[in-house]
Amino acid sequence: MLRKFGIAGLLLLFFLTACQPTPTFLRSASPISNHESNLYWIILIMALVVFVLVEGALLWILVRDRKREDDEQLPLQIYGNNRLEITWTVIPVLLTFTLFIMTVRTANAVAAPPQSTSDLNLRVVGHRWWWEFDYPGLGIATANELHIPVGRMVQVSLESVDVIHSFWVPELSGKTDVIPGQHNTMWLTGNQPGVYYGQCAEFCGTEHALMRFRVFVDTQEDFDAWVANQQKNAYQPQAEAEQAGHKVLTGPCAACHSIDPGEIDTDKSGPNLAHLFSRTTFAGGTFDLNERNLRNWLKDTQKMKPGNDMDLKISPKEIDELMTYLTKLK
Ligand code: CUA
């Protein structure tokens with residue numbers, strides 16, 4: 001079976017994956033990845049030129065000086081040529097030195113933000129296996145999906161509550177380690193509105209591969225609207241079923257989840273749910289956030305994402321009630 005469909009399957013996979021291109025710094029959408037991709041292309045072109053010249057000269061000499069049929073004796077035996085020796089020592093030294101200077105300049109440009117401060121601060125907290133995104137200045141706590149306004153510099157501080165993670169959005173920035181007991185900092189600017197995929201880039205356990213996130217680079221208008229909505233209090237339960245769901249959420253669920261939008265810097269081990277349905281994904285950016293997926297999740301989280309901290313034991317009736325209320329949390 002596998003052998004029969006192997007090639008066709010591989011081709012299909014190739015075309016399917018081609019539809020959603022892998023995020024790469026070569027499709028840069030920020031000043032940081034601009035610097036990185038520029039350096040990449042310069043190095044690649046320099047290496048190509050050297051390769052073509054050196055290999056071309058080699059082939060040319062091999063063909064020109066090959067042994068011919070009427071050759072009866074050894075060719076002229078020579079040893080050393082000062083001019084050549086100096087040339088092929090000096091040129092590589094100059095090239096390496098140029099690359100060194102360009103690499104240092106790029107590293108400095110990537111490390112140094114264009115301005116020393118920003119009025120937009122983002123706190124990233126790594127959890128096994130999801131991302132907490134807090135905006136201390138705005139009183140917003142969210143998860144797995146962060147929003148930034150286009151063209152504005154965001155000052156980012158990173159910390160972890162458990163093990164070492166790594167924050168990586170290829171199209172926007174390189175990797176920065178997220179280390180328990182240490183505050184790392186970086187900066188982030190998006191050049192064009194869009195959605196950019198991020199991924200934990202440091203092995204952190206079973207679900208490391210499912211510790212994803214998304215960066216929404218919004219127009220200033222969209223960002224302001226997003227902020228205004230996130231700052232609102234969570235939806236107040238109205239109908240009886242909603243009230244029942246609210247009771248479960250603020251009861252057993254409250255040990256790990258908050259629905260207070262401004263609750264930042266808590267020891268809660270789960271994401272803030274005040275505006276859950278304003279997000280498009282859940283469980284570390286792993287599943288599309290829709291009623292069917294969320295209901296399956298509540299039924300058996302360990303089946304969908306084995307090893308995660310959520311081990312919920314509630315009745316089908318409570319799941320129904322929870323769903324009624326959760327879906328109102330826009
Ligand atoms: Cu977190 Cu890998």
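Q: Is Glu-72 buried or exposed here?
A: This is a predicted model, and in it Glu-72 is exposed, because its relative accessible area is 79%, where anything over 50% counts as exposed.

Q: Where does Glu-72 lie in the chain?
A: Glu-72 lies in a loop, the one between helix α2, which covers 31-64, and helix α3, which covers 82-111.

Q: And which residues gather with Glu-72 in a patch of charge?
A: Glu-69, Asp-70 and Asp-71 gather with Glu-72 on the surface, and the charge of the patch they form is negative.

Q: Switching topic, what makes up the nonpolar surface patch?
A: That patch, of about 880 Å², is made by Leu-26, Tyr-40, Trp-41, Leu-44, Ile-45, Leu-48, Val-49, Val-50, Leu-53 and Val-54.

Q: Take Leu-48 from that list: which helix is it found in, and how accessible is it?
A: Leu-48 is found in helix α2, and it counts as partly exposed because its relative accessibility is 49%, while exposed would require over 50%.

Q: Zooming out, how many helices and strands does the protein chain have?
A: The protein chain has eight helices and 12 strands. Its radius of gyration is 28 Å, well over the 20 Å that the globule rule gives for 330 residues, so the chain is more spread out than a compact globule.

Q: What box do the C-alpha atoms fill, then?
A: Taken along the principal axes, the C-alpha atoms of the protein chain fill a box of roughly 105 × 60 × 35 Å.

Q: And what share of the residues counts as buried?
A: Of the 330 residues in the protein chain, 36% count as buried.

Key: Residues numbered from 1 in each chain as written. Predicted model: local features only at pLDDT ≥ 70, side-chain atom pairs only at ≥ 80, totals over all residues. Heavy atoms only, no water. Patch = residues over 30% accessible without salt bridge, like charges linked within 9 Å, V, L, I, M, F, W, Y side chains within 5 Å. Areas by Shrake-Rupley, 256 points an atom, 1.4 Å probe, with all protein chains shown as cover. Salt bridge = Lys/Arg side-chain N within 4 Å of Asp/Glu carboxyl O. Lys, Arg positive; Asp, Glu negative; His and termini not counted. Charge placed at Lys NZ, Arg CZ, Asp CG, Glu CD. Helix = DSSP H or I, 4+ residues; strand = E, 2+ residues; numbered from the N terminus. Buried < 20%, exposed > 50% of the residue type's maximum accessible area, 1.4 Å probe, protein only. Rg over C-alpha atoms; globule rule 2.2 N^0.38 Å.
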